[in-house]
Structures are given as C-alpha cells and as structure tokens.
Amino acid sequence: MSQLYAWGAVATIVTASTAGDVLLSRGMKQVGDVAELRRNAGLGTVIARVLRNPNFVLGVSCMAAAFYAMLFGLSWADVSLVVPASTSLTFVTNAIAAKFFLHERVDQRRWMAALLVAGGVVLLAL
Amino acid sequence: MTFRRYLVLVGVSVFAVTGDSLVSRGMKQAGSISLHDLPSIVLVVFRPEIALGILFLLAFFACYTSALSWADLTYVLPATSISFILLTLVAKFILHENISLARWLGVILISIGVGVVTQGPALTHPPQKRKAECLSASARLEP
C-alpha cells in the first residue's frame, strides 16, 4: 500500500511539473526573446508582459502544485525513491509533451540527451 | 547561440545549485519544524542563509524563463542538467563526501547528454511560424 502511495506521489509530481514546464515554455515563447524585448521596451514591459501571460501564470501554479506534491510524497515515502524517480521521469515526459504540445522537433539527438540525463540522475541516487 | 546565451544556461545551473545548497544548509541549522507550527515556517525565510538561498532561486527562475523565451524546452532541460554534475563536484571537493562509482557513472552519462544536446540547434520551430511570431511580436511593440 505504501508503495502505491509512493508511486502515486511520483505520478502526481511528474504530471504537475511536466505541465508546468510545458506551459511556462509556451508562455515564454509567446512573450518572445526577453533580452530583445528588454532592449526595445525596457525591463518593466518585460515583467508586465510575462506576468500577464496566462500560460506563464498557469505554469507557475502547476510548478507550485508539483512542489506540494513533492512535500506530501516525501512524508509518505523515501527521499531515495521519490526524488530520483520523479526527476528522471520528468526528463522523459517533458520530451514527449514538448513533441506533442509544443511541436518541438524532438530528434534522435534530443531523445538521447533526455534518456542519458534521466539514466544519470537515477545513478546519482544510488 | 551567442556567448551571452550560454552564460544564461550556466546561470540556470549555478544559481539552482547555490540556492538549493543554501536553503538546505539553512533548514538543517533551523532544525525540524512541524507543519502545524505556521509562525516558524514563515519566520524561517528570514534566516540569512535561507533568505540568500531564495534570492539565488529567484535568479535561477529569471534565467530559466529567459532561456525558455529563446530555446526549446527539450534543449534547456538537458543542457542545464550540468547542475547535477556541479552538485556532485561540490559534494566531492568542498564537502569531502565519498562519491560512489555509480554516481561518477551518472555524472559521465549526464555529461554526454549535455554534450549531445548542446551540439544541436537550440530552437527547432518551423521557420515560417517563427517568422510570424517575430512579426506579431514586433507589431505588439508598436505604440
């Protein structure tokens, strides 16, 4: 039963943080290159445009949800399971989500990088 | 990719590692806090190490969102995972922790992953779409 809770927490963290990253990425692409925008319109405009972007706000909310899911997960299960499992799985789910929702061209190179990092993160926790 | 943009990616990693380490050290010094003890949870952010850690984490978030404004998510995430490598090096050479063979293997895998992704393009959107986005962005800038 505790295993079920632990993996439930991992699934929630992975889902919320993937949604957060994808929404944040979409929001920031809508805002545009912030360095260029700052040169043209000033820092105030950049901040106002970022904070007014619905995708950005929703993305940050998802990240907050992932953070709380992590806190609850850690009170049910071991750090050595929850943290590496959710961190490494997030690299893989982000690659899938970026392909389908952000239409990024996730080629062999990107897949290899995501899987290498995901594997590396698991090894770091051993 | 310009030098400035590489610097932003390094900023994402360095600020995340520094912020996390400071908050972690501050929380360990603060000792265990119960979730029901709300005043302590709020007051803990005024501890110097935690306050500094939060500033670094804000800098991390600024760099991260800035990177996402000009690069793909599937580029930024693997590229900034050098933070895991940095964290291991800090553990070994500053905190003098014992790093197992498996962890060094993990560091090597992540290093190859970072190398692989940074050899490729940072943005893979279809050119027409990018052009349309640029045009609408500059149109929005018009007063």
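Please keep in mind that the model is predicted.

**Chain B as a whole**
- Reading from the N terminus, the elements of chain B follow the order α-α-α-α-α-α-α.
- Chain B has 143 residues, and 31% of them count as buried.
- Among contacts in chain B with a separation of 6 or more, 77% are between residues 24 or more positions apart.

**Helix H1 of chain B**
- Buried residues in H1(B) include B:Val8, B:Leu9, B:Val12, B:Phe15, B:Ala16, B:Gly19, B:Leu22 and B:Val23.
- An α-helix has 3.6 residues a turn, so residues three or four places apart point the same way.
- The partners that the buried residues of H1(B) pack against are helix H3 (48-70), helix H4 (73-79) and helix H5 (82-93) of chain B.
- After H1(B) comes B:Gly31, with a positive phi near 80°.

**Where the chains meet**
- Chain B contributes 29 residues to the contact, and chain A contributes 34 residues.
- On the side of chain B that touches chain A, two or more residues come from each of H3, H4, H5, helix H6 (101-119) and helix H7 (127-141) of chain B.
- H6(B) supplies the largest share of that side, 11 residues.
- Sorted by class, that side of chain B holds 16 nonpolar, 11 polar and 2 charged residues.

**The largest nonpolar core**
- This core has 64 residues, and those touching the most other members are A:Ile13, A:Val117, B:Val12, B:Ala67, B:Leu68 and B:Val76.
- Helix H1 (residues 2-31) of chain A gives the core its largest share, 11 residues.
- Beyond its neighbours within four places in sequence, B:Ala67 is in contact with B:Val8, B:Leu9, B:Val12 and B:Val76.

**A residue to look up: A:Val121**
- You will find A:Val121 in helix H6 (residues 108-124) of chain A.
- A:Val121 counts as buried because 24 other C-beta atoms lie within 10 Å, and the cut-off is 20 or more.
- Leaving out residues up to four places away in sequence, A:Val121 touches A:Pro84, A:Thr87 and A:Ser88, as well as B:Phe84 and B:Gly106.
- A:Thr87 is 34 residues from A:Val121 along the chain, yet their C-alpha atoms are separated by 7.4 Å.

Terms used: Residues are numbered from 1 along each chain as its sequence is written. Chains are lettered from A and ligands numbered from 1 in the order in which they are written. This is a predicted model: local features need pLDDT of at least 70, side-chain atom pairs count only at pLDDT 80 or more; totals for chains, interfaces and linings use all residues. A residue is buried if 20 or more other C-beta atoms lie within 10 Å of its own, exposed if 12 or fewer, and partly exposed in between; C-beta atoms are placed from the backbone. Helices (H or I, at least four residues) and strands (E, at least two) are DSSP runs, numbered from the N terminus. Two residues are in contact if their C-beta atoms, placed from the backbone, lie within 7 Å. Ala, Val, Leu, Ile, Met, Phe, Trp, Tyr, Cys and Pro count as nonpolar, Asp, Glu, Lys and Arg as charged, and the others, Gly among them, as polar. A nonpolar core is a set of buried Ala, Val, Leu, Ile, Met, Phe, Trp, Tyr and Cys residues joined through C-beta atoms within 7 Å.
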